[in-house]
Amino acid sequence: MAKVRISGSEALLRSLINEGVDTIFGYPGGSIMPVFDALYDHRDDFRGVLVRHEQGAVHAAQGYARSSGRVGVSIVTSGPGATNTLTGISDAMLDSTPVVVIAGQVSTGVLGTDAFQEIDFVGITQPITKWSYQIRRPEDIAWAVARAFYIASTGRPGPVVLDFNKDAQVALFDYEPESVDNVRSYIPYPTPSLEAVEEAARLVNESERPFLLVGQGVELGEAHEELKAFIEKADIPAARTLMGLSALPTDHPLCVGMLGMHGNYGPNVNTNECDLLIAVGMRFSDRVTGKLSTYAKQARIIHIDIDHAEINKNVTVDVPIVGDCKEVLPMLTALVNKASHKEWIDSFARYNAIEHEKVTVKALNPGEGPLLMGEVARKVSEATGNSAILVTDVGQNQMMSARYFKYTKPHSILTSGGLGTMGYGLPAAIGAKIAMSDRTVCLFTGDGGMQMNIQELGTIMEQGTAVKIILLNNNYLGNVRQWQELFFNHRYSWTPMLNPDYGLIAQGYGIPSRLVIERSELDDAIREMLETSGPFLLHVAVKEEANVMPMTPPGASVNEMIFE
Amino acid sequence: MDKKLYTIIIYTENIAGMLNQVTAEFTRRMMNIDTITASSSSVEGVHRYTISLWGEEDSVQKVTKRIEKKVDVLKADYYTDNEIFFQEVALYKLSTPVVLGNDEVSRIIRHNTARVIEVNSTYTVVEMTGSTEDILNLYDKFVSHNCMLQFVKSGRVAVPRSAQDVLGDYLFNEDYKRKSIKEKNK
């Protein structure tokens, strides 16, 4: 293509257009002004979303990326603008979310002089990104942007940072578009070992009690159908991690629930009963494994993951298969025998029935007393035909909505699993709704997390983003309070919280809202929320001292869940 | 588990900030690097780090994998001492008047196959290549004769005993794969 003489800022935007970017979450400032100036001429090319805090810019980009599978983009200024993105970048790193964060940087001539709003952003972000690079020369822009998108979106996805010096933003040069389709030191899609796949198939065929763990890798690899084909042929029960909840529909006959500290009883107990554990695109997080020394010791373990460094990291496995699950699962399906494990599969239902009786019935149909989080989540899910995107904040609201929502479509849960970032929910929901305007986006948040990024109500107001906010208000930092109750002798230190009038706050931002205290009003309030065309705040006063159950207490084994 | 001395050999692209990325993986686990040597490798544009440290195999293996996972790292492998040849270099700055006044010092230099690389009226610089143990033994001897002014030693450099060319094989395989992907896509 012919060279054209343009500024570095213009080159950045053209490079973003080349990568298919149509939405930018950002916040301007001194060291990035030339880029925002160039954006003025590209108002038709990008939807510009002015967030109210740079942390919100990254979480919104994450919400955009996780709901759509595309790369989310944030543009912020240097110094505090850049440091405000660190929580979002760390969150994206731990949860493998493809985002590209572009930050302004002071001119190259004053680097290292403690210039105004100068911070060593590459140095800070190296440990929390897949790649972090400073663009000092306009000639590097096209290459760096192409490489950033390639790295962020391929293999195990993750965040990339581009630190963009101001002199490179304003310099004029001969721009030539570039694309990147390989980096010699980076193997995004390792070739799976055929021997390992054959060995894994042999173990599956020999197994009487196989059990499959579904992680977010299945969603990231778009391997939903490949997963179903495999488990259906070999008749293997499957449970999902928190991050993988919508990788397999809740009502699939082989879906036996959710893993983890607040997961379902059947899959947790049977982790220590199965004879073969097949982990697909999950990383044996401590929230899933509980006490490692007693985790699935009786079972042979197959681990399918695209990331070589995940193999034997937490759990030592018998057969590692390093590769893309979309490629590996069909290889396995071809080699396994059609089988039936009815009795084994029924054993999950027997355990889950215990949980149902001890926990679920009371959570969904308490009859009287204050509203409970679980019943609200289930009612909202059903009112959307179980087809909404669930975005959660972190804490009890997260666990309860994740547990009681039902999932029928891929990419339907957005939650901060690895970093556990309070304040993630509101901006992530904005990003999700902007990316997937035809889907209903329901945010479940608490009174704690809501206030950690409450300023993003301004973004909703300005963008008219139709996010349905369900605020589960218990006047406590509920999850910490639960731990204080259970493990710190009821000493509620720093967890009771005096709340503002959320209805007035919503009104200030022009967002309609409704407060629900009585159970009898809940259905109608949900109907009103979903029938309202724009954003809506459903403020639900829930029981103050309610606990998320069942629970694997910290340090306990997966089969030692408690119910109260 | 037993702590052993491990040597990690890492090949990276030669770009600013790589050392920081590599060492951050040790910092994160509070693993203390014993020696580190960084220089260009036999392949143009590829840097080579040789890092030695005491640790348990499990944690050394994990940190090596995490380093290799970095986008600009081509290859990272860890070795025990019996899997590699390794050397260090030391320089000893000795007092020339003491050296001249004591025949034993020059005998020590000869017996340890050390080399004098500079002599002037004030000081003498002696160089020795060898194992950490040999280098520190020589240091102790000089100290005991009261002639030591300054001492410095390098980190280790190492080559694996195996005949395999780790970097060459990696680059060849990647190049080969890329070609086959391109052919497949035609």
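Predicted model: local features only at pLDDT ≥ 70, side-chain atom pairs only at ≥ 80, totals over all residues.

Biologist: Why is B:Val152 called partly exposed?

Modeller: B:Val152 has a relative accessible area of 45%. Buried means under 20% and exposed means over 50%, so 45% falls in between and B:Val152 counts as partly exposed. You'll find B:Val152 in strand E8 of chain B, residues 148-153.

Biologist: Now chain A. How do you know that domain 2 and domain 3 of chain A touch?

Modeller: Contact means heavy atoms within 4.5 Å, and 18 residues of domain 2 of chain A are in contact with 17 residues of domain 3 of chain A. About 1400 Å² is buried between these domains, with carbon and sulfur atoms giving 62%. A:Leu242, A:Ser246 and A:His262 supply 38% of domain 2's share, more than any other three residues. The salt bridge count there is 0.

Biologist: Then why is the pair B:Asp72 and A:Arg147 called a salt bridge?

Modeller: The closest N and O atoms of B:Asp72 and A:Arg147 are 2.8 Å apart. The cut-off is 4 Å, so this pair qualifies. Across the interface of chain A and chain B, the rule finds 3 salt bridges, and the two chains bury about 1900 Å² between them.

Terms used: Residues numbered from 1 in each chain as written. Chains lettered and ligands numbered in written order. Heavy atoms only, no water. Helix = DSSP H or I, 4+ residues; strand = E, 2+ residues; numbered from the N terminus. Buried < 20%, exposed > 50% of the residue type's maximum accessible area, 1.4 Å probe, protein only. Buried area = accessible area lost by both parts, 1.4 Å probe. Salt bridge = Lys/Arg side-chain N within 4 Å of Asp/Glu carboxyl O.
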